[in-house]
Amino acid sequence: MGRHGELAVFRETFARDPEEADFPFLFHVRGNGGVGKSTLVRQWESTAREQSTVVTAFVDDEVHDAVEAMEAVSARLGRQGHPLKRFDKQLATYRQRRHQAESAVPAPQPDPPGGQAAPAASPSSTVAAQVGLVGLGMVPGVGAFVGAVDPQQVALGADRVRAALNMRLRSHDDVRLVMDPVAVLAPVFLADLAEVAERCERVVLFFDVYERTGPVLDAWLHDIVFGEEYGGLPVNVQVVLSGRLRLDARVWGDRLGQVTEVRLEVFTEEEARTLLATHGVTDEPSVDLVLRLSGRLPLLVDMLARSDASSGDSFGDPSETAVERFLKWEPDARRREAALACALPLQIDEDVYRTAVPEAAADDYPWLRGLAFVSTQAGRCRYHDVVRAAMLRLQRGQSPARWQQAHTRLADVFERWRLGAESDLGTAAGTFTCWEDAVWREHRLNETYHRLCANHRTALPDALHQAVHAIDHDLATLRRWAQILGQAGDDTETAVLGAWGRRLEAAGEQDGASIAVLNVLLAAPGLGAPGRALAYCVRAGEHRIAGDHERALADYALATDIDPDDARPHAGRGETYRLMGRHEEAAAACTRALELDPLDERAVGSRGDAYRNLGRHDEALADFARAIELDPGYAWAYGSRAQVHEASGRPDDAVADYTRAIELNPRYAWAFGSRAYVHQAQGRHAEALADYTRALGINPRYEWAFASRARVHHIMGEYEDALADYARAVEIDPDYAWALASRAATYEKLGRHEEALAHYTRAIEADPRYEWALTGRGELYRRLGRYEEALADHSLAFEINPRYDWAVLNRGMVFRRLGRYEEAAADYTRAMEIDPMSGAFVSHRAEMYRRAGLHEEAAADYRLVMAAEAPAAWSYAGRAQMHLRLGRYEEALADCVRAVEINSDDGWYVGLYALSSRLTGDEQEAERNFRRAIRLLLADGTGDSTRQALVLGCVLFMHCALQEWERATVRCDDLLGRTPEAHVLREVLEDLSLLRDVLPSVVPGTGPLVRRLGDALA
C-alpha cells in the first residue's frame, strides 16, 4: 500500500512512445534501508509483467562484476522464453579460456611471411589488465594496500600481458576475451538483447541493492545505457537502479540529468494509516503507537501492522525489541522458532528451510515466504537486512551455545551437499573442475560462512585457504569470499573477520589485484602449509602472465619446497621455462609434473611445444597425440601439432590439423590465420585471403591477420588493398613494427619513396633493433643514392644480428656502388659463411673480385658458380669479361654463347658476344650482333632512371666498338644530361676501359669520351 505516486511514475511510461526525446529510460530509486526500495521495484516489475509483451530481468547483489550481471540477465530472460544464445555460448568460451590462460600451453604466433613478427608494444596500462579488471568495470583505487605490488610489476602493462597470453592461448580473439571480457561479451550481449527488444514491446532491467553492486557495475552500465563503448541499448529497453546511495558522480556526472530519480522517504502519515488499515489496525491508540514506534519506516510499519498492535502491549524501542514483539505476537511457537532459525542462513530455499527449522515446522516454508520482511527471487528468499541483523543479535546474545550448534549443523549440511556435487561431477573431477561448478561453489561458500559464525578461530585458516582457491578461480569469486568474511564478521561482531573481509576487498581493488590479494594472504600467520603452497603457485602464475619470469620461478620453487609432490608447480615451472626459451628445462619440468600426474593434458601439451621448439618433432608429435587422446576436444593441441607438420614440410597435414581445430572451435581465429599462412606459403592466395578474412570476421581487431592479408595483396600486385590492410593493422597497434615496415615496402613498390622512408623509420622507432626494417630502409637509401645512410643502416642491422646474411649482402652491394670492391667482396664472404649453400653470394663475390682486378680469386669463385645447378646468364657474362681482360678470347666467346642462349634478348650479353666474335676473328658476326645489341638496348624502356642510364652507357659502349664516334658522342651527351649516379659513371668507365684494353684501335676515339665521363665522376 502507499507509494501511489511512485507506482504511477513507472506505470505511465507504458503509455508513452520510447522514441520520445524525454522518455524516462533510466530510473534510480534511492532511499535509506527499510524505506521500501526493494518492495517498490518489485511492484514495478509486477506492473511491467502485467503488459502482455514485456519481459524483465531482476538482478541483485548476487552478482559481483559485469560479466556475472550479464549472465544473470541472460538467465532471467531465458526463463521467460527469450534466451541470449550467442552470449551464452561466448560466455561458456570465456569460462574455458580463463582456465586455459593459467594452465593451457600456447605456442607462438607464426611470424608473418616476408619479415619478422612485430615486437611487444611500448609499456602502457597496468597489470590490472591481466585479469581484465578494466574490462570488468573496475576503477582501480588507492587504498591501504597500494604498496602491496612492486611498482615495476605494475608497470609491465597490458601489452606485455597480451604478449604472454598470445603465447598461451594462441588465438588473438581468445587473448582479448581473457584480457578484456566485457569488451568482447558486451557487444554480443547487446546484440542478443536487441533481438529480444525487437520481439517485445518493452524490456526492463532491474538492478536492486545497487549500493553494493554499483562499484563494479557502474562503468559497464554507463557504457551500455549511453552507448559510449559497446553500442547502446534499444530505445524500448529501460533500466531501473535501486540503492541507498547517490549515483557516483565520477561515473555518471555527465549524464545525471538524464536519470529519473525516485527518492523514497518514510511513509507520510496518510500512507502509513492506509497500510495499517489494510491489516485491520484502525483504532487510534494502536495507530498512534505504530506511528510512534516505527517512525513511519515502511518495513517496520508493515511488520508491526501484521502483529497484534491492538493488544495494547508496549512495543518498546523498535531498534531493540521489534523482533521480540513480532515473535511474541506470532501465536504458533514452532513458527516463531522457525522465523528465528531462518535468519541464520544467508539465503533460504525449501531445502535450506527444512534443514534450519524444527521438524514440526518443516512444511511452513510458504508461510515464511509470505512474511513482510522476506523477499523472494528465483525460488529463494532472504530476510531484509534490518530484520535479519536484529534476529541474529537476539539469538547470539540469548544462547551462544545454541548459536554455535545451529551454525555447525548448517555448515555440515552444506558440506554434505558440496560432497554430493563433487560426486556428481565425477571421480576425475579435480579442484579446478569443482571451482568451475557454480553449485559446488555456492555450497562451499555457505559452508565457510557458517563455520566462521560457529567458531571463527578454528574456521579462519580454512577460510583463508579457500580464499586462495577463490582468487585462483577469478576476481569475482574472491570478492564473494571477501564479502563472506566481512558478513561473518558483522553477523558475529568479530573484528578480526571484518578486518579480513575489508583487507581482501581492498587488495582486490588495487592494480595487479591478484598479486595484491595473494601477498595479503601469504602474510597471514593462519594460512597453513597447503594454502601457502597453493598461494605461491597461483602468484607464480600471475607473475608469469605479467612476463616476470624470474619471480614466477622463485614462487614455483617456494611451492615445491613446501610440497615437492604437487604436480602443478612443476607444470607451471615448465611453462615458464618454455616462455623463456629454456626448452630443455621446460621439457624436464613438465616430465616431472607428468610423473606426478600422468593425466595432465596441459603439461603434456606444454612439453610437446618445448620439443617442437627444440626441433624434436617426433617427440612433439607423440605428446600432442597424447594430449588429444586425453582431451579429444583440445583444439589447441591440434593447432600446435599443425605447426610441427609445417616445420616438417608437411603442409597438407598442417592444413588438416588446423581444419580440425576449427571444427572443434569455429571461432578459433588463430587457427584460421595459421591455416591462411600455410595456404599463402603454398601459393594458394585465394584460399589464404579467404581464411584471413574469416579470422577477421571473428576478431575485427586481429592486427596480425590484417597485416598478413595485406602481404598476400602485395604479392598479388594489389598494392592499394595491401596499403588499406596495413593501415588497419597499424590503427589497431600503432607500434606494430612489421606492419609499418611492410607498408613501407608497398609504398616503395609504388614509387612513393618519401612515404616508404617515413614508414621504415616509424618501424625502427617502434623497435630500434628491428633488423629487417633497418635493411629495408638501407636498400631504399641505396636505390636513392644515399649511400652513407644505407651503409649505416646495414651495419647496424648486421651488428644487431651477426647471422643476418641479407644485411651484410646488401651492405656489399652498397660498397659495390661506391666502387669499394674489396670491401664488397669481404661482405659477400661473410654472407657465404652464414649461408654456405647460397650460390648467389658466390656470384656476387666473383664479380667484385673481377672488378677489383683479383682475377685468380674471381676465377675460383666462377668455378664454384659454374659447378652449381643452372648458373645464371649474368654469371657467364661476368666470367666472359674476366676472360676478355686476361686475353682468353675463345673462353670468353664460349661463355657469351651460354649467356645468350639463356637470355637472347639481353642487349649487353649480345654486345659482349659481338666483341668476343670480333676478337676471335668473325667480323661479320660481330658487326651483325653489335647492331642487334643496340636495337635491343634502345627497345628496353623498363626500369628506373638508374637502369636507363646504364642502358645508355651500354649503347655508348656498342657505338665505340663500332667506332661510330658521332653517335657515341650523342649517347654520351644523353647520358651526362641525365646526371647519373656515380656508380653508373664508374661502371661505364670500367666497361670502356675493357674495350680500350682489348681493342687498342678505339683508344683515340674514346679518349675525349672517357675524359668527359671522368670529369663528371670527379
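## Cysteines

A residue counts as buried when its relative accessible area is under 20%. In this predicted model, cysteine 453 has a relative accessible area of 5% and is therefore buried. Cysteine 972 is buried as well, at 0% relative accessibility.

A disulfide is a covalent bond between the sulfur atoms of two cysteines. The structure holds zero disulfides. For cysteine 972, the closest cysteine sulfur belongs to cysteine 960 and lies 8.3 Å away, which is too far for a bond, because a disulfide requires the two sulfur atoms to be within 2.5 Å.

## Packing of α33 and α34

Two packed helices are described by the angle between their axes and the distance between the axes. Helix α33 covers residues 651-664 and helix α34 covers residues 669-681; their axes are 9 Å apart, at an angle of about 160°. The two helices, α33 and α34, are therefore roughly antiparallel to each other, since angles over 145 degrees fall in that class. Their crossing is left-handed.

On the α33 side, the contact is made by Pro651, Ala654, Val655, Tyr658, Thr659, Ala661 and Ile662. These meet Trp670, Ala671, Phe672, Ser674, Arg675, Val678 and His679 of α34. By class, the residues of this contact are ten nonpolar, three polar and one charged.

## Glutamate 771

Glutamate 771 lies in helix α40, which spans residues 771-783. With a relative accessible area of 7%, glutamate 771 is buried, because that value is under the 20% cut-off. Histidine 794 is 23 residues from glutamate 771 along the chain, and the C-alpha atoms of the two are separated by 8.3 Å.

Conventions:
Residues numbered from 1 in each chain as written. Predicted model: local features only at pLDDT ≥ 70, side-chain atom pairs only at ≥ 80, totals over all residues. Heavy atoms only, no water. Buried < 20%, exposed > 50% of the residue type's maximum accessible area, 1.4 Å probe, protein only. Axes fitted to C-alpha atoms, helices over the stretch in contact; angles between N-to-C directions. Helix = DSSP H or I, 4+ residues; strand = E, 2+ residues; numbered from the N terminus. Parallel < 35°, antiparallel > 145°, perpendicular 65-115°, else oblique. Left-handed = near helix turned anticlockwise from the far one by under 90°. Contact = heavy atoms within 4.5 Å. Nonpolar A, V, L, I, M, F, W, Y, C, P; charged D, E, K, R; others polar.
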